[in-house]
Amino acid sequence: STGTQYIDTGLAGKDGYTLDIDMAFTEWYSTYNYIAGCADSSTNRIYFTRYNRDGSQKFRYTYNNSSSTEFIGPALNERFTMKATMEKGNQKQYINDVLKSSSIIDTEVNTSQNIFLFCASYGDDGVTGNSSARIYSAKFYFEGELVRDLIPCYRKTDGEIGLLDILTNTF
């Protein structure tokens, strides 16, 4: 993604998901660079974010109206894996298999938006926090069941570059 593209996963923006992604940010495109997210409002949302505050590159997740502990994340162009669980009462974020942040917020998230990769869908306002990144793979699980298995690919028939869901064979 160059900062202008994003992927609508087609997954409803609600709790119960785990995202397992292998990626690298290729440019700090804006103050907020979203790995994935969705929201109806500032109190009904799920975000996985890299942001620049006071010149430091920090990572965190946001679940409903609460944000996780901020931590210094991978550097620009550094490949990393992130596993993030967003379930009622169980929010965890791992970077390169190291637990960086966790919480036990016991409220539900159920937005009317789909979860997007490399930005966040945000109600009638469209998208926010576009990111410039390289993706190697992304898997979404819902309540433990694999529901998306995305890999980058090149479609020879029309030269289109995108993500293939090898689970559903959908480009």
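A salt bridge here is a side-chain nitrogen of Lys or Arg within 4 Å of a carboxyl oxygen of Asp or Glu. This is a predicted model, in which local features need pLDDT of at least 70, side-chain atom pairs count only at pLDDT 80 or more, and totals for chains, interfaces and linings use all residues. Residues are numbered from 1 along each chain as its sequence is written, and side-chain values use heavy atoms, with hydrogens and water left out.

**Stop 1: the salt bridges**

The whole structure holds three salt bridges. Select Asp-165 and Arg-148. Their side chains form a salt bridge at 3.9 Å, N to O. It joins distant parts of the chain: Asp-165 sits in strand β16 and Arg-148 in strand β15, 17 residues apart. Strands are DSSP runs of E, at least two residues, numbered from the N terminus. Asp-165 has a relative accessible area of 4%, so it is buried; buried means under 20%, exposed over 50%, and partly exposed in between, with a 1.4 Å probe and protein chains only. Arg-148 is buried too, at 19%.

Next, select Arg-79 and Asp-22. This salt bridge spans 2.7 Å, N to O. Arg-79 is in the loop between β7 (71–72) and β8 (80–87), and Asp-22 is in strand β2 (residues 17–27), 57 residues apart. Arg-79 is partly exposed, at 47%.

Now take Arg-155 and Asp-158. Their side chains meet at 2.8 Å, N to O, in a salt bridge. Arg-155 is partly exposed at 31%, and Asp-158 is partly exposed at 47%.

**Stop 2: Tyr-154 and Ile-161**

Select Tyr-154, in strand β15 (residues 145–155). Tyr-154 is exposed, with 53% relative accessible area. Leaving out residues up to four places away in sequence, Tyr-154 touches Gly-159, Glu-160 and Ile-161; contact means heavy atoms within 4.5 Å.

Move to Ile-161, in strand β16 (residues 160–165). Ile-161 is exposed at 67%. Beyond its neighbours within four places, Ile-161 contacts Cys-153, Tyr-154 and Phe-171. Show the C-alpha atoms. Ile-161 and Phe-171 are 9.4 Å apart there, and 10 residues apart in sequence. For Tyr-154 and Phe-171, 17 residues apart along the chain, the C-alpha separation is 9.7 Å.

**Stop 3**

Select strand β9 (residues 90–95) and strand β10 (residues 98–103). They pair in the antiparallel sense over five bridges; pairing requires at least two DSSP bridges between the strands. Find Tyr-94: Leu-99 in β10 stands opposite. Two residues lie between the strands, and Asn-96 takes a positive phi near 50° in this hairpin.

Key
Helix = DSSP H or I, 4+ residues; strand = E, 2+ residues; numbered from the N terminus.
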